[in-house]
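Here's a quick briefing to read alongside the model. Have the sequence and the coordinates open, and check the points as you go.

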Amino acid sequence: MQLNLLEKTELRIFGLVLDNTNLSLAAEKVAEALAIPPASVLVVDVRPDHICLDILEKSLDMSQIAGKEQAILAKLATVPGLTVTADAYVDSSGIMGLIAFDEQQASELIARTEQLATEIEQAVLRRAIVFATGFEVKERMIEDTNSPYLMRFLTEQGYNVEFGGILDDDAVVIKRKIEDAIDRGFGLIITTGGVGAEDKDFSVEATTAIDPAAATPWIVKFQQGSGRHVKAGVRIGVGQCGIATIINLPGPHDEVVASSAVLRRYCRTGRIDKVALAEEIAQILRQKLSGKHWQHHTHQTSGEEDHGKNHHRTTS
Ligand SMILES: Nc1nc2c(c(=O)[nH]1)N[C@H]1C(S)=C(S)[C@@H](COP(=O)(O)OP(=O)(O)OC[C@H]3O[C@@H](n4cnc5c(N)ncnc54)[C@H](O)[C@@H]3O)O[C@H]1N2
Ligand code: MOO
């Protein structure tokens, strides 16, 4: 486990006898003991009873520090002109204080910390949150059937599920809410709605702002700028941030239901393969939509036909 040294990076080593000692070599030996590059250790002070070194690293793995006192002293003992006396010791503070642990304590600490990290990770991976999006949902013009459906579905899959609320069609709001969910320890974050090509659709953009490498396969593509479309098509999104996965599903309820067949296989409270998941959902939705009446219109590239703002809301 990586530990931030929080600027407390000095080591004072007492009980050495110096006789024309090459300090660069001494620093190199300490670097070897800590498994860091030689340039990361600097001797900053030599006093009558101790030498002071500075470690030029922001963070180190716990296993590089804990219980390393004897290893440091043993390495220093190999430097010509440097005698390590029987009561030599390393004095350090903050995280670096772990150096003074004896080896038994150190390995217990490392094992316990890894165990704790695994438990936290498992708890996070089990926590899911579901968001709806869109003014028509927020203003109760339409019933939010997606969220209860997904919450029930994820509960069946073994998740502890929370409802995140109904988000405005606003890229900043959606991104902030997703980031907030990640900070609160949710391992699975699902939004529905707002994946379309209109100027009110921002869910996938919120995800790519968090994970630029998010998988965002197209469901349908059409001529950009034709009619009300400001984007090149409809896509879904699956992004990741640390161990958390963000999934942006379309708004239409039957598409959420269709996607859940894929979610059932991928979302099982473990880590998720974002590219494979996104591609399989996209395939199912492409197949589903290829038979729909509205797609004929959206594939028109002439832009002559205007079926009105709401033609795509009907699931003929
Ligand atoms: N079955 C259909 N699927 C799709 C259609 C369609 O007409 N019928 N149109 C396609 C096009 S074009 C686009 S664009 C996308 C739209 O997906 P969005 O993710 O952008 O969805 P929204 O515009 O936000 O909402 C669309 C529609 O979905 C219903 N909706 C939204 N949220 C909820 C919710 N929480 N619970 C229930 N229903 C919801 C609602 O009728 C919205 O008006 O879709 C393609 N697919
Ligand atoms: O933007 Mo859809 O692509 O609403 O027709």
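Helices (H or I, at least four residues) and strands (E, at least two) are DSSP runs, numbered from the N terminus. This is a predicted model, so local features need pLDDT of at least 70 and side-chain atom pairs count only at pLDDT 80 or more, while totals for chains, interfaces and linings use all residues. Residues are numbered from 1 along each chain as its sequence is written, chains are lettered from A and ligands numbered from 1 in the order in which they are written, and side-chain values use heavy atoms, with hydrogens and water left out.

**Overall layout**

- The protein chain splits into domain 1 (9–116) and domain 2 (126–305), with bounds that come from an automatic or database domain assignment.
- Between the C-alpha centres of domain 1 and domain 2 there's a distance of 51 Å.

**Buried spots**

- In helix H3 (residues 69–76), the buried residues are Glu69, Ile72, Leu73 and Leu76. They sit on the same side of H3, because they cover an arc of only 95° around the axis; that arc is taken from the directions from the helix axis to the C-beta atoms.
- What do the buried residues of H3 pack against? Their partners are strand S2 (10–18), helix H1 (23–34) and strand S6 (82–92), where contact means heavy atoms within 4.5 Å.
- Threonine 191 belongs to strand S9 (residues 188–192), and its relative accessible area of 0% makes it buried.
- Once neighbours within four places in sequence are set aside, threonine 191 touches Phe131, Ile178, Ser203, Ile247, Asn248 and Leu249.

**Surface spots**

- Leu42, Val44 and Leu56 make up a nonpolar surface patch with about 240 Å² of accessible area together.
- The patch rule: residues need over 30% relative accessible area and no salt bridge, with like charges joined within 9 Å and nonpolar side chains (Val, Leu, Ile, Met, Phe, Trp, Tyr) within 5 Å. Accessible areas come from the Shrake-Rupley method with a 1.4 Å probe, and for residues only the protein chains shown count as cover.
- Proline 48 is in the loop between S3 and strand S4 (50–55), and at 84% relative accessibility it counts as exposed.
- Proline 48 is 31 residues away from valine 17 in sequence, yet their C-alpha atoms are 9.1 Å apart in space.

- Most residues other than glycine have a negative phi.
- Arginine 140 isn't a glycine, but its phi is positive at about 60°. You'll find arginine 140 in the loop between helix H5 (135–138) and helix H6 (146–156), exposed at 66% relative accessible area.
- Threonine 269 also isn't a glycine and has a positive phi of about 60°. Threonine 269 is in the loop between helix H9 (253–266) and helix H10 (274–290), and is partly exposed at 24%.

**Salt bridges**

- A salt bridge here is a side-chain nitrogen of Lys or Arg within 4 Å of a carboxyl oxygen of Asp or Glu, and by this rule the count comes to 16.
- Lysine 138 and aspartate 168 pair up at 3.1 Å, N to O. This pair links distant parts of the chain, 30 residues apart: lysine 138 is in helix H5, and aspartate 168 is in the loop between strand S8 (160–167) and helix H7 (171–183).
- Lysine 138 is partly exposed at 39%, and aspartate 168 is partly exposed at 34%.
- Glutamate 32 bridges to lysine 29, with the closest N and O atoms 3.6 Å apart; both lie in helix H1, 3 residues apart, or about one turn of the helix.
- Lysine 175 and glutamate 179 form a salt bridge at 3.2 Å between the closest N and O atoms. They're about one helical turn apart, because 4 residues separate them in helix H7.
- Glu10, Arg12 and Asp91 are joined in a network of salt bridges.

Key
Buried < 20%, exposed > 50% of the residue type's maximum accessible area, 1.4 Å probe, protein only.
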